[in-house]
Amino acid sequence: MKALLWFVLCAAVAANVSFNLMENNALHIVLSAVSGLVVLASGTGLWMLRREARA
């Protein structure tokens with residue numbers, strides 16, 4: 001599970017960086033927002049799994 005979350009996190013960060021190379025239009029904003037949400041979700045999942053392992 002952790003490996004999948006790390007992969008999704010890295011892929012979303014890379015996608016977000018590549019989306020910044022696009023010209024500014026509605027699609028750019030939507031894709032950037034979605035990839036940002038994926039980064040936040042996978043980071044939260046990794047953090048919750050870390051807290052679970054410590055307990």
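I began with Val 38, which touches Val 8 and Ala 12, residues up to four places away in sequence not being counted. Contact here means heavy atoms within 4.5 Å. I noted that this is a predicted model, where local features need pLDDT of at least 70, side-chain atom pairs count only at pLDDT 80 or more, and totals for chains, interfaces and linings use all residues. Residues are numbered from 1 along each chain as its sequence is written, and side-chain values use heavy atoms, with hydrogens and water left out.

**Entry 1: Val 38.** I looked up where Val 38 sits: in helix H2, residues 26-54. Helices are DSSP runs (H or I, at least four residues), numbered from the N terminus. The cut-offs are under 20% relative accessible area for buried, over 50% for exposed, and partly exposed in between (1.4 Å probe, protein chains only). I also checked Val 38 against Leu 5. They are 33 residues apart in sequence, and their C-alpha atoms are 9.9 Å apart in space.

**Entry 2: two serines in H2.** Ser 42 lies in helix H2. I read a relative accessible area of 3%, so Ser 42 is buried. Which residues does Ser 42 contact, leaving aside neighbours within four places in sequence? I found Leu 5, Val 8 and Leu 9. Next came Ser 35, also in helix H2. Ser 35 counts as buried because its relative accessibility is 6%. With neighbours within four places in sequence left aside, Ser 35 is in contact with Ala 12, Asn 16 and Phe 19.

**Entry 3: Gly 43.** Gly 43 is in helix H2. Its relative accessible area is 31%, so I put Gly 43 down as partly exposed. I then took the C-alpha separation of Gly 43 and Ala 33. It is 15 Å, for 10 residues along the chain.

**Entry 4: the sides of H1.** I turned to H1, which has 18 residues. From first C-alpha to last, H1 reaches 25 Å, close to the 26 Å expected at 1.5 Å a residue. The expected span is 1.5 Å times one less than the number of residues. Which residues of H1 are buried? I listed Leu 5, Leu 9, Ala 12 and Phe 19. They lie on the same side of H1, because they cover an arc of only 100° around the axis. That arc is taken from the directions from the helix axis to the C-beta atoms. On the other side of H1, I found Ala 3, Phe 7 and Val 17 exposed.

**Entry 5: Trp 6.** Trp 6 lies in helix H1. Trp 6 counts as partly exposed because its relative accessibility is 47%. I checked Trp 6 against Met 48, 42 residues away in sequence. Their C-alpha atoms are 13 Å apart in space.

**Entry 6: Met 1.** Met 1 is in the segment before helix H1 (2-19). At 70% relative accessibility, I counted Met 1 as exposed.
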